[in-house]
Amino acid sequence: MLYNYSFANRKRDLSDVMSTVIKDEPRFISNFRMASDAASAKHEYLEDQLTGRGITASAADNGVLTLTSGDAAKLKSGTLVALKDNPALFRVNTVTANSAALELVAANGSEYSGAGDLPENGGTFIIVSTPMNEGTSNGDGEENYHLASAQWNATQIFRKEIVLSGTALAVNLYGNADNQLNRQTAFALADLARDLNRVALFGRRVEATLNTRGEAGGLYFFGTQSGVPVIDAGKSTLDSFLINDAAQAILGEGGDPMQILCSPGQARVISNEYRDRIQILRSDDRRGAYVAVIVNEINGRGMTIMADPDMPDNDAWVLDTGCFAIANLAGRGITDMDATPNGFDGIRRVAIGELTFEFRNVRQRCCRIKNLLGSAEAISALRNA
């Protein structure tokens, strides 16, 4: 080696530094907490046990609701439900794979005199509670407990080169070789964080084989699968109605909407509507990611607007950020080591690691708002209004 530095023959663990870089990165990737290490390149994990607090019936016939199998699984014999926007209380008598028979137990001042009065086209019901008998054990449908399902993602290898030429070392602009390498390592990790952000958004899930490179799936891969809530904006402007509809869809599935993910242009559109109610976070010393907090009109809690420049301008997501985590393959967290070939005029190190992303309960924690009016056109219309 032509040039010496203090950690020339050391392998450095950069996992903790990378976690800090990710947390401070003003993009979607900052939502991802560190999870337990992955045991294999096909990383399997259990989703959280979230039970939806609402059901949607496609039809009602003399008190018998027609349901999807997923909604029917949320009910037990004795569960109390109420039709949305109506105080009447109904009890579930029997549940099958795709239906539930109700009876009216309290009119509560409504116009209903029985379950047969329910609208034929069904409707949306909220789950009130499931009262239990004293000392129950597998009674009143108690045996229909919710089992956590398994999900998986593939690990992906990331690599960044850190190179200082002999000329750069001789100039000594940023101090000795140690300081210059640490400076370039910081730039490499910031670049890696931006790569991770784009994979976390747009990556596809590909399990590694002898002839195939492993690829980690991202939000669009998991969040556009069947059963994940989606709202078609129909080329309309992003507004509080669309946001609250998405938040309600997440709440109905048992999630907790915390964040609006969108492009910087769409963040300007939202901020214009909420300009008299927006809360700028005083602790923020950067702009771009955490623009503001707005109050969710569905449950009264704050939702953060995250403006990510990598987001497509015609999309927005309402998210429960408990969905996201990063898992390093065991023993394969981000490290850097010397890779200087003999006779090379300078110093070369390589930062390399293998990791994947966890998306837990996407169907209950994410809702896509698609087909939005472009932000430039929406802002132009707002200016001329």
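1. Start with a definition. Buried means under 20% relative accessible area, exposed means over 50%, and partly exposed is what lies in between. Arg159 has a relative accessible area of 48%, so Arg159 is partly exposed. Keep in mind throughout that this is a predicted model.

2. Stay with Arg159. Its side chain meets that of Glu161 in a salt bridge, with 2.9 Å from N to O. Across the whole structure, a search finds 19 salt bridges.

3. Lys160 has a salt bridge of its own. The side chain of Lys160 meets that of Asp195 at 2.6 Å, N to O. Lys160 belongs to strand β12 (residues 156-165) and Asp195 to helix α4 (residues 177-202), so this pair ties together parts 35 residues apart in sequence. What of burial? Lys160 has a relative accessible area of 16%, which makes it buried because the cut-off is under 20%. Asp195, at 27%, is partly exposed.

4. Which residue does Asp315 pair with in a salt bridge? The partner is Arg368, and the closest N and O atoms are 3.0 Å apart. Asp315 sits in the loop between β16 (302-307) and β17 (316-319), while Arg368 sits in strand β21 (residues 366-370), so the pair ties together parts that are 53 residues apart in sequence. Asp315 is buried, with a relative accessibility of 3%.

5. One salt-bridge network deserves a look.

6. Next, the aromatic residues. The structure holds eleven aromatic pairs. One of them is Phe28 with Phe32, an edge-to-face pair with 5.2 Å centre to centre and 85° between the planes. Are these two residues buried or exposed? Both Phe28 and Phe32 are buried. They also belong to a cluster: ring pairs link Phe28 and Phe32 with Phe221, Phe222, Phe324, Phe357 and Phe359.

7. Lys42 lies over the face of Trp152, at 4.8 Å from the ring centre. Arg205 also has its charged end over the Trp152 ring, 3.9 Å from the centre.

8. Now the second largest pocket. Its volume is about 190 Å³. The lining includes Thr155, Gln156 and Ile157. Also in the lining are Ala208, Thr209, Leu210, Asn211, Thr212, Arg213 and Gly214, together with Glu354. How many of the lining residues are nonpolar, polar and charged? By class, there are three nonpolar, six polar and two charged residues.

9. Last, Ser110. This residue lies in the loop between β9 (99-106) and β10 (123-129). Its relative accessible area is 17%, so Ser110 is buried under the cut-off of 20%. Ser110 and Ala88 are 22 residues apart along the chain, and their C-alpha atoms are separated by 5.8 Å.

Methods
Residues are numbered from 1 along each chain as its sequence is written. This is a predicted model: local features need pLDDT of at least 70, side-chain atom pairs count only at pLDDT 80 or more; totals for chains, interfaces and linings use all residues. Side-chain values use heavy atoms; hydrogens and water are left out. On a 1 Å grid over the protein atoms alone, a cavity is a set of points where a 1.4 Å probe fits but cannot get out, and a pocket is an open set with protein on both sides within 12 Å along at least five of seven lines; lining residues have an atom within 4 Å of a point. Grid points are joined across faces, edges and corners, and a volume is the space filled by probe spheres set on the points. Ala, Val, Leu, Ile, Met, Phe, Trp, Tyr, Cys and Pro count as nonpolar, Asp, Glu, Lys and Arg as charged, and the others, Gly among them, as polar. Rings of Phe, Tyr and Trp (its six-membered ring) pair if their centres lie within 6.5 Å; planes under 30 degrees apart count as stacked, over 60 as edge-to-face and the rest as tilted. Buried means under 20% relative accessible area, exposed over 50%, partly exposed in between (1.4 Å probe, protein chains only). A charge sits over a ring if NZ of Lys or CZ of Arg is within 6 Å of the ring centre and within 35 degrees of the ring normal. A salt bridge is a side-chain nitrogen of Lys or Arg within 4 Å of a carboxyl oxygen of Asp or Glu. Helices (H or I, at least four residues) and strands (E, at least two) are DSSP runs, numbered from the N terminus.
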